[in-house]
Amino acid sequence: MAALLDGVFEGDLQKKVSSAKILVVGAGGVGCEVLKNLVMCAFQNIEIIDLDTIEVSNLNRQFLFHREHVGKSKAQVARDSALAFNPDTNIVAHHDSITDTKFGVTYFQGFDIVLNALDNRVARNHVNRMCLTAKVPLIETGTSGYNGQVELIQKGVTPCYECTPKAKEKTFPGCTIRNTPSELIHCIVWAKHLFNQLFGEDNADEDVSPDTADPEAAGEAGQEALEAKSNDVGNVERQSTRAWAQSIDYDSEKLFNKLFHDDIRYLLSMSNLWKKRTPPDPIKFGAVGTGSAQEDYKGMARDQKVWSLEKSTQVFAESVSALRTALKALQAGDTLVWDKDDSDAMDFVTACANIRATIFHIATKNRFEVKSMAGNIIPAIATTNAIAAGVAVLHLLKVLRNQISSCQSVYMRLRPNPQNQIIVREKFLTKPNPDCAVCSVKPQVIVRVNVAEMLIGDFRKSVLLEKLGTKTPDVILDGKGSIVISSEEGDEDLNDEKLLQEMGIVDGCILKVDDFQDNNQITLVIVNDEKQDGKSFEVTIDAEVEKKAPSGEEISREEEQEEPVAKKARIDKSEEPNKKENNVPGSSKQTVEDSDDDLEIVESEDEIPAPATTSGVKRKQAPEEEEPVEKRKKVVEPTTTVEDDEDVILVE
C-alpha cells in the first residue's frame, strides 16, 4: 500500500495511522466511501457497524455492493469488498445496531476516533453522547442531495451534535389524519400510526380510530354506526386498536374490514364532514380479492410499480402475518419499531397508505415514493457522499497530527457562494454552546456494580441515598426514556425486587438522576464489574479520576460512609466550559436502526420517538424535551462564521 511508503506520510503520522483504532458507524453511501478511504490510507484497525441489509436501490451509489450481494449484511459485504483494496487491513464487521447496549461507553473507549455515516437523528444523538462520555473525538458527516457538511465533535473544544437546536417535527392535525385525509402524506402518517397501534409502542395521541371530537362533525356524529349491530368481522367498537387486534390474533381479513370498511362507514355517518368533500368509499376484503402472487412488472423493479388495489390487499395480508410472527418472537413487553428499511414494515405502510388513499380518492404512489415520504428522505448524490467522506478522513488525519484547531466545519453547496466556492470552510473553530443540555459541564459519577446481582432497591438505598446523598431521586434510563426509580409517593418500591439488568441497566448505560428536593442533577455511568457482589459497589466522580486513582483508594460498599459524592460534585457556574469532565447522558438499547443507504435523511424533523415508560411506574417528569419549561435551560445557538457567506444551510 502506497500510503505506507516512506515520504507519503511523515514518520510519526505513519505510525499513528498503523496503530489507530477507528470505528465507522454506517455502511451506506457515505460509509462505503469512508471505509474505502481508510483502507487506501493504510489504516490497519477498523470496525464498522450497520444493521441494514443490501437492497437493489442501494447499488447505484454504494459502490462496494453488487447485485449478488442483495439481501446480505451491509457491514459484512463492505468489509469483504474493502479488503480487496488492502488484504492486510484488519476490519471487524458488526451486523448490529449501534444503539444496542453492548456498544456502551466501555466499547467506545476502545477507539481513538469515531466516524459517523448515519442517516437518522436518534442514532446520531446516541453516538454523540457516547463519544462525549468516552472522550473520543467524533467526526460527523451528513449529506442531503448536493448539500453536505463535515464537522469535528470533541468535548470541551467544539460544539456537540446537539448544541444547536434541531427543527421540530412537522405535524398534521389529528382530525385530518383520522377523518379527512386529502393528500397521500396524510395516509402515510395514518399508516405509520397504525403500525405502532398494532405492533409498536402504543401512543394514545396517535390513535387511528375515527375522531368523534372533530369540530366539523355534528353533535350526534357517528350515532348510526354506534347503533349498528355487531358483526363477526370487526365491529366498530370503542376499544383500543391493540387490544382488539390481539383478541382476533391479528386476523388480516378482520383487520382489513375493521380499518377500511367499518371505520369508513363510521366516518360516513358524520354527515357534516362530507357536505363540501367527496365522501370515501368503504372497501371489504372479499370484494377486491387477494391479488396475484406473481405480478408482471415488465422489467420494472418492485419498488417502482404502483400496486393495484388487489396487490395492496395481498401485501397487507402478507405483511400483517410476518409482523405478527416477529412480534410474538419478542420477549414479553417488547414491541416492534417501524423502520423504513425493514421490508415487512415498509410493505405494511405502503399497502395501508395506498388502500386508504384509494378509499379517499387520492392518487397512490409506488413503494419507492412512499418510502421517500415516510422516511423524509431524498435521493443522495454519489459525488456529495465522496466529497464528504474525503473531508472526513482529512479531518481524521489532522486529529492524529493533533491539529484540532484546523478542523473547522466544512460545507458542500449546490450553488457557489459569492466567492464562487461550492466547498466552504468555516474561518474559525466554533466553541461549544455553554448552555447545551448534553455537553455542558455537569456532575458525573462512575458506578461499578454487578448488574446481574444488585437489586434496584439496594442500588437506590446504598448508592443513591446513602453514598450520593440524594433525597428524592428520580432515575431515568437515558435514551430509552424509561423511569427505573421514581420519587412519587407509592411508586418508590415498585421495582425494588428487580435486578439492574432486568430494568435494562447494563454495562455502559447512562442514568440521569434528578433530585427535585435538593435541586440537583447527576449523570451516572454504569460499569458492570463481576467482582462485585449484590451489595458492594465502587464510585468514582470522573473517568479521569478513576484512571489515576490507586485501587486502594476506590470506594467500596464495606468502607465507612464519607461525605456524599453529590455534595463533592457540585459544579461552580464560573468554571470554563472546556474543562475536561464527563457529563453526557448516553443511550441504552433502542431499536431505531442506524442505517445509511443511497437515500439520505433530510433532518428537518425531529425523529426521536416517544420514550417508553417502565411497566407499572408512574412518570413524574418526561426526559429532556418534555421537561417543564421553567426547568429547562435556555439554549443559545452558537454563531458560525463562514467565509463571506451567511446563507449556510446546515445539513444534519
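Q: What share of contacts between residues at least 6 apart in sequence join residues at least 24 apart?
A: In this predicted model, 74% of those contacts join residues at least 24 apart in sequence.

Q: How many helices and strands does the chain have?
A: The secondary structure comes to 18 helices and 17 strands.

Q: And what percentage of the residues count as buried?
A: Of the 652 residues in the chain, 55% count as buried.

Q: Switching to surface: what does the accessible area come to?
A: About 28,400 Å² for the chain. Carbon and sulfur atoms account for 49% of that area.

Q: Backbone next. What is the phi of His361?
A: Phi of His361 is near 60°, which is a positive value in a residue other than glycine.

Q: Where does His361 lie?
A: His361 is in the loop that runs between α13 (343-359) and α14 (367-374).

Q: OK, Asn402. What is its phi?
A: Asn402 is not a glycine either, yet its phi is positive, at about 65°.

Q: Is Asn402 buried or exposed, and why?
A: Asn402 is exposed, because its relative accessible area is 61% and exposed means over 50%.

Terms used:
Residues are numbered from 1 along each chain as its sequence is written. This is a predicted model: local features need pLDDT of at least 70, side-chain atom pairs count only at pLDDT 80 or more; totals for chains, interfaces and linings use all residues. Side-chain values use heavy atoms; hydrogens and water are left out. Helices (H or I, at least four residues) and strands (E, at least two) are DSSP runs, numbered from the N terminus. Buried means under 20% relative accessible area, exposed over 50%, partly exposed in between (1.4 Å probe, protein chains only). Contact means heavy atoms within 4.5 Å. Accessible areas come from the Shrake-Rupley method with a 1.4 Å probe; for residues, only the protein chains shown count as cover.
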